[in-house]
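Please keep the sequence and the model in view while reading.

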Amino acid sequence: MPLATPLKNLDRELGRFHGRIKAGAAFVALLAVALLGRGFYLQIMQNEYYNQRAENNRISLVPVAPNRGLILDRKGRILAENYSAYTLELARAQPRELEATLAEVGKLIKITPGELRSFRRLLAESHEFETVPLKSKLTDEEVAILAANHYRLPGVEVKARLFRNYQAGAGMSHVVGFIGRINDRDLKALRESGREQNYRGTVHIGKTGLEQSYETVLHGRTGFDQMETDASGRAVRALSRIPPVPGKDLRLYLDRDLQAIAEQAFGDYTGGLVALDPNTGGVLALVSKPGFDPNLFIDGIDPETWKALNDSPERPMVNRALRGLYPPGSTIKPFMALAGLELGVRKPTDLTVDPGYFSLPNSTHQFRDWKHGGHGLVDMRRAIAQSCDTYFYKLAFDMGIDRMHDYLAKFGFGEKTGIDLDGESPGLLPSREWKQRRWKKEWYPGETVIAGIGQGYHLATPLQLATAVAMIANGGKRIEPRLVQAMRDPFTHAWQPQPVAVRGQLAIKPEDLAVIRQGMIDTMRPGGTAAAAAAGAPYTIAGKTGTAQVVGIKQGARYDAATLSRKNRDHALFIAYAPAENPTIAVAVLVENGGHGGSAAAPIARAVFDYYLTGKRPGKIQPEGSDASD
Amino acid sequence: MPRISHWALSGLRHVDGILLTLVLLMLGISLAVVTSASGESPARISGHLVNMGLALLVMVMIANVPPHLLSKAGPPLYVAGVVLLVGVALFGEVRNGARRWLNLGFAFQPSELLKLALPLMLAWYFHRNEAVLRAKHYLVGGVLLLVPFLLILRQPDLGTALMLGASGFYLLFFAGLPWKVIVGGAALGAASLPVVWGFMHDYQQRRVLMLLDPSSDPLGAGYHIIQSTIAIGSGGLFGKGWMQGTQNQLDFIPERTTDFIYAVFGEEFGYAGAILLVGLYLAIVARGLTIAARAPTLFGRLMAATLSLNLFTYVFVNMGMVSGILPVVGVPLPLMSYGGTALVTLLLGVGIMMSVATHRQLNKS
């Protein structure tokens, strides 16, 4: 070592250093190859894949909700309309950012816990690129505050959305129904019917009434904006657009004024009314009292109001016209009479002696007539006009339940009418088989007897009574009731009339029908049960009163309205059409606990007739709960 | 006036033309990419220009300092750096769970200082003992390396510690550390990986795991890697064009003027751009190694070679991270990323190379 010359040592050292430099250069080259290899893989081999991912990042399809169709009455007056209001919506973001934004927004405007709850629910349900509504119907001030702070609220958008307004309020609530926010159940139904895609961007869906049954027509088709979006989800510019197709407007047969008059005519009674055009099946008025304010439901009703509506003994949420089940009472008699004639059980002139009751052979049980002491000798016309129970007890007994059931079924009893509203009840038309099936019991003759005056098991909705009486008015044509008369094409704005849905024609001998009609005309004349209600009318009404028992009256006891509390009083019924010679309107009225059909229900029908046929508006109408004849 | 211009001209005498050309080319590209990545922010662009001017000035000034004077700065800078690191360990500020900053009126990371101080110190030390180099000198060199390495590792700052460790290792390597020690050390290191893993902090482990599967956390930290990979991959062969990168323009790339600037570059200039960029870096490295090979003193050789390799290590770690083959470490891309400190430190290193390159004759005399 000490002998080694410094110079040689230096050369060797330098040589070694140059070796190391080469090694270092090789190392660097290796790293460079790794980098460029990675670059080749990403940019050349996988370019297409990453290009697609970059495009997916950049482009989002923003759904454009279509304008919902309007609902108009027969004269084109608005029942359900849209108005624009601002909503506060948030783009999806990473959870931490979203919470920060929510907190920031909460400092600027008031967000209720309920709004926050429904926001979180919607967030979980909605699609990736949709903004999620947080608060709707912003005030001008709130819009201004949000606009001023927009720069520091990434992903926050103030959007103009369309909202629904129901001008007619409670009066139309059971016809028009309402829309509400799409919930889990709606979403599931949409998914199952394959309509989910069309509801991206849509917040509301029809829940009841026409809004529900015509949902697909009213909704329209969702359009899409292809947007360039930045990383925080904010749209930068629009690239292309598939425009939405607006929903169709609906024009109803229903007359808004007629509906209002009918509704007011009930006073503070509850009940239901259906007025039909017997020639088309068009629903001119459909009342269920009481109604409710449909506007409350659009953005979620608050729990207190909901509880109040649901717990109310008057049950405003139930559509009585469609779903209310009542014994038809004496309103069944014209149909019974027609059955008697058509089946050859009675001739119009056959007389029945009415001692005030009817008894089955070998029985002492008395089926009492409503009139103490009876009507004496009655033929068919008088039996209808005076609503003689004994006549129909006997007729029913002679006819038997099987024939009675089969004939009444032809008028649609026990079957859905097919109206263009969801949730209709089929009612109940009893038969031997039905009783066996339902109660595992045989049918008793006494049950046939009371069925002859519409008591017992028989249950009908006001809508069924209206369609049935319309058949008497139009000569036996069975037509499905329709609310919607025409739909408007969103592009041509032309009204497309909807077809009249005739289900069938019942063959009735004209002379038989004439007898029944005459009996119903007599009902409205002096001596008839609803004479008072027809007094002074410039047209002829054909009608039939009825009473449906709410509590049973014991054998030998007498019904005394005065001693019964109101909720135990009988339901008053009335079916009618007018003008008798050439009917253009048929009505069924049910007044809950109204007492007698002639005094409580018939005046309501009269008010409807007056306005529809003569344009006369009623003065002050208050149906009396009197104890006049049935 | 003539005196000033004369002074300026004589100053430029020590500037290496090739290195200067390469550096200016890089800075030009950097300016273009920062302009695009910042959305043409005037503040960013002018700030970048000021940083460049300052760094170039520092480079020229250092180039004029003879290497033997530069070597004398090694020990004091090294000692100061280590003292400050101890100070950090005792009084440092904690940010994001790590004790890295020292409050000297401004926030200061002593680890920055050591990036140059450690090679200077080691080069000075080996230069001084050039004639009598034995095994013990490598041992002392190793200790000089380990002291700041461990202090930084404790902060904890694995990324910086490794980068510093690499620069120290390069120096030992060029100083002639025997291959059997290197190979043996590498084998030992590989064997001890599981142990190191056990000592790693949660967030460090997560970063490594995320590299293996970035989609496991697509909205968290993995988001950065995913988005930068998409940006680079979607660039294709020729890129989407300057200011045309959608990942860039629409905010999908995080930290895109600084650590992730290569994602913007890759998206807008494509694979062709990447080849050019890597080529430029390789040219700088080649020039640096040439300077090292020709340098008359051991100090000059060690510094020029180490700084060259160090520069490319930064390039590799940054580009590897942005294109998804290395874990996310907060390392800027040399000469490209926005940021004054890094640029000044880097051009200071280039200045040292220039000094080594241009003081051959003077030193000989």
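Helices (H or I, at least four residues) and strands (E, at least two) are DSSP runs, numbered from the N terminus. By that convention, chain B contains 16 helices and three strands. The model is predicted: local features need pLDDT of at least 70 and side-chain atom pairs count only at pLDDT 80 or more, whereas totals for chains, interfaces and linings use all residues. Residues are numbered from 1 along each chain as its sequence is written, and chains are lettered from A and ligands numbered from 1 in the order in which they are written.

A residue is termed buried if 20 or more other C-beta atoms, placed from the backbone, lie within 10 Å of its own, exposed if 12 or fewer, and partly exposed in between. Of the 365 residues in chain B, 48% are buried. Two residues are in contact if their C-beta atoms, placed from the backbone, lie within 7 Å. Among the contacts in chain B with a separation of 6 or more, 71% join residues 24 or more positions apart.

In chain A, five strands form an open antiparallel sheet in the order β12-β11-β23-β22-β21; two strands pair if DSSP finds at least two bridges between them. Strands β12 (283-289) and β21 (542-548) of chain A are the edges, each pairing on one side only. Within the sheet, six bridges join β11 (residues 271-276) of chain A to the antiparallel β23 (residues 585-591) of chain A, and L276(A) stands opposite A586(A) in β23(A). Helix α10 (residues 256-265) of chain A packs on the sheet, touching β11 and β12 of chain A, and its direction makes about 35 degrees with that of β12(A); axes are lines fitted to C-alpha atoms, for helices over the stretch in contact, and angles run from 0 to 180 degrees between N-to-C directions.

A nonpolar core is a set of buried Ala, Val, Leu, Ile, Met, Phe, Trp, Tyr and Cys residues joined through C-beta atoms within 7 Å. The largest has 123 residues, and V469(A), V587(A) and V608(A) have the most contacts inside it. Helix α22 (residues 597-614) of chain A supplies the largest share of this core, ten residues. Because domain 1 (60-252) and domain 2 (256-487 + 499-614) of chain A both give residues to this core, it lies between them; the domain bounds come from an automatic or database domain assignment. A second, separate core of 112 residues includes I21(A), A123(B), V278(B) and L326(B).

Finally, the contact between the chains takes 38 residues from chain B and 33 residues from chain A. On the side of chain B that touches chain A, α13(B) gives the most, with eleven residues.
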